[in-house]
Amino acid sequence: MGFFSKIKDAIVGNSAKQNDKYVAGLDKSSSSFSAKINELAARYREIDDDYFEELENVLIMSDVGVSMVMTIIDEIKKEVRLQNIKNPQMINDIIIDKMFVIYANDSYMTTKINYDDQDLTVILMVGVNGAGKTTTIAKLAHMMLSEGKTVMVAAGDTFRAGAIDQLAVWAERLGIECIKGKEGGDPSSVVFDALNQAKDKGVDVLICDTAGRLQNKVNLMNELEKMNRIIKRVVPSGPQETLLVIDATTGQNGVSQAQEFSKITDITGIVLTKMDGTAKGGIVLSIKDTLNIPVKFMGLGESMDDLQEFDLEQYIYGLCKNLMEE
Ligand SMILES: Nc1nc2c(ncn2[C@@H]2O[C@H](COP(=O)(O)OP(=O)(O)OP(=O)(O)O)[C@@H](O)[C@H]2O)c(=O)[nH]1
Ligand SMILES: [Mg+2]
């Protein structure tokens, strides 16, 4: 059974299984994607080369990524031939299936945070400025607190004016401790300080903010290397997670940024922020295709509880629900 039918059976018409946050957060992407596919189906009487060319454009415009689109289109063509489908109205389930079968079958990718039972879990947040690192730290901390974990944050962005206060304000709201240094100071020494305090107090998780903007790539690389060295000195298995935060509204630029970052430091997971602000939800597929790093979380709004663990079925449902309802 394909994805389409599986998800349809599991989620459509079963409101208990529908995650409202996904549905609301992906509304822009969903409306745009479904509208375009439905519009194509209405305009074409028969599935022909022109139809496929337009379908290709729809996928590319949804930020799926060009090479991935080619593969998907090839697969759809094969299936259409195999099932001898002529009517574009009948193709929705094949499109959805082929888009996500590749994602799901390729490899199993965990979306769980790699918590350390034996030691402090250290999470490093990286990404270009404005991507949503600091906000995501607050959201993650909020999520962990609600799971009963103890959390501390380190204001490792000493570069941008106001960055320390921004994190400190979130920490106060969350009722957690924020370890900070001076603006313009050495971020690694802030992190070192935070590591020791977190260990002393037996905290479960330390989340470290970093600067998005350093003058150049070499500086950024050196900075992150130093931070990693210092973390390992205190927590040999750390950082257990280095999460790269990407602004989904930047589309293929975001994907290029991710490629650059993955050359600079080992990334264990991706957080896609501002999914609520984009109409091009296909970026998830593009990231999988170009980087093969799991998307672990999605930001679907600006408030504390607008972070969701990435769930492929909910994502597909959120993105394609208008194609699923009869
Ligand atoms: N709509 C929406 N806005 C978001 C989301 N995540 C972050 N933002 C907003 O994006 C803006 C930038 O977020 P920050 O968390 O400050 O980004 P940053 O990566 O820490 O930026 P720098 O500290 O400058 O490097 C803020 O206005 C956030 O409220 C999201 O999932 N959805
Ligand atoms: Mg920040």
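This is a predicted model: local features need pLDDT of at least 70, side-chain atom pairs count only at pLDDT 80 or more; totals for chains, interfaces and linings use all residues.

Biologist: Where is the place of Pro239?

Modeller: Pro239 is located in the loop that runs between helix H10 (217–234) and strand S5 (241–247). The peptide bond that joins Gly238 to Pro239 is cis, with an omega of about -10°. Lys274 belongs to the loop between strand S6 (269–273) and helix H12 (283–291). As background to both features, most peptide bonds are trans, and most residues other than glycine have a negative phi.

An annotated span may be considered next. The unreviewed UniProt entry places the feature "domain: SRP54-type proteins GTP-binding" at residues 294–307. In the model, 43% of this span is strand and 0% is helix, and its end C-alpha atoms are 16 Å apart.

The wider arrangement is as follows. The protein chain is divided into domain 1, covering 19–109, and domain 2, covering 121–318. Taken over C-alpha atoms, the centres of domain 1 and domain 2 are separated by 32 Å. At their interface, 34 residues of domain 2 are in contact with 25 residues of domain 1. About 2700 Å² is buried between the two domains, and carbon and sulfur atoms give 61% of that area. On the side of domain 1, the residues that lose the most area to domain 2 are Tyr22, Asp63 and Tyr103, which together account for 29% of what that side buries.

Polar interactions also cross this interface. There are 15 residue pairs in polar contact between domain 1 and domain 2, both residues of a pair being at pLDDT 80 or more.

Side chains of opposite charge can pair when their charged atoms come close. The structure holds 14 salt bridges, and 2 salt bridges are found across the interface of domain 1 and domain 2. Lys21 and Asp305 form a salt bridge in which the closest N and O atoms are 3.8 Å apart. Another salt bridge joins the side chains of Lys98 and Glu79, at 3.4 Å from N to O. Because Lys98 lies in helix H6 and Glu79 in helix H5, this pair ties together parts that are 19 residues apart in sequence.

Definitions and conventions:
Residues are numbered from 1 along each chain as its sequence is written. Chains are lettered from A and ligands numbered from 1 in the order in which they are written. Side-chain values use heavy atoms; hydrogens and water are left out. Domain bounds come from an automatic or database domain assignment. Contact means heavy atoms within 4.5 Å. Buried area is the accessible area (1.4 Å probe) that two parts lose on being put together, summed over both. A salt bridge is a side-chain nitrogen of Lys or Arg within 4 Å of a carboxyl oxygen of Asp or Glu. A polar contact is a pair of N or O atoms within 3.5 Å; within protein, one must be able to donate a hydrogen and the other to accept it, and residues adjacent in sequence count only if both atoms are side-chain atoms. UniProt positions are given in the numbering used here, feature names are shortened, and annotations may be inferred rather than shown by experiment. Helices (H or I, at least four residues) and strands (E, at least two) are DSSP runs, numbered from the N terminus.
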